[in-house]
Amino acid sequence: MTAVLNAVAAILLFTLLVALVRIWRGPDPADRMLASQLFGTTGVGFLLVLSEALEAPALVDVALTLALLSVLALVAFVARVAPSVSGDGRSGSNEEDRNA
């Protein structure tokens with residue numbers, strides 16, 4: 001069973017490296033954000049597999065913390081980018097939108 005968990009951990013580690021390359025190279029902020037979400041999700045999976053393989057339950061807490069931080073990073077990115085892009089092609093919000 002440990003060999004299977006180690007193999008899964010190695011595959012997840014490779015996926016983390018691919019995500020790091022995508023974060024580094026871009027080409028635009030949305031691609032980087034998706035890659036960081038992949039990094040967060042894969043990192044959680046990697047930590048959970050490692051927790052089971054090493055019989056270290058403390059890694060589950062670290063995985064949960066990483067999951068929460070990943071969600072907060074996504075919310076911060078959307079809050080920063082979403083106001084500059086609206087659905088009707090206009091950028092930003094104006095006074096008429098606030099009064100409607």
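This is a predicted model: local features need pLDDT of at least 70, side-chain atom pairs count only at pLDDT 80 or more; totals for chains, interfaces and linings use all residues.
Local features required pLDDT of at least 70 and side-chain atom pairs pLDDT 80 or more, while totals for chains, interfaces and linings use all residues. Residues are numbered from 1 along each chain as its sequence is written, and side-chain values use heavy atoms, without hydrogens and water.

The largest nonpolar core has 7 residues: L5, A9, L12, L16, F46, V49 and A53. Such a core is a set of buried Ala, Val, Leu, Ile, Met, Phe, Trp, Tyr and Cys residues joined through side-chain atoms within 4.5 Å. Buried denotes under 20% relative accessible area, exposed over 50%, and partly exposed the range in between (1.4 Å probe, protein chains only). Helix 1 (2-25) and helix 2 (29-54) each supply at least two core residues. Helices are DSSP runs (H or I, at least four residues), numbered from the N terminus. Helix 1 gives the largest share, 4 residues. Beyond residues up to four places away in sequence, L5 touches V49, E52 and A53 (heavy atoms within 4.5 Å).

M1, V4 and V8 form a nonpolar surface patch with about 310 Å² of accessible area together (Shrake-Rupley method, 1.4 Å probe). Nonpolar patches join side chains of Val, Leu, Ile, Met, Phe, Trp and Tyr within 5 Å, from residues with over 30% relative accessible area and no salt bridge (a Lys or Arg side-chain nitrogen within 4 Å of an Asp or Glu carboxyl oxygen). V8 lies in helix 1. Its relative accessible area is 33%, so V8 is partly exposed.

Two loops carry the backbone features. The G26 to P27 peptide bond is cis, with omega near 10°. P27 sits in the loop between helix 1 and helix 2. E55 is not a glycine, yet has a positive phi of about 55°. E55 belongs to the loop between helix 2 and helix 3 (58-81). At 71% relative accessibility, E55 is exposed.

Notes: Patches are made of residues with over 30% relative accessible area and no salt bridge: like charges are joined within 9 Å, nonpolar side chains (Val, Leu, Ile, Met, Phe, Trp, Tyr) within 5 Å.
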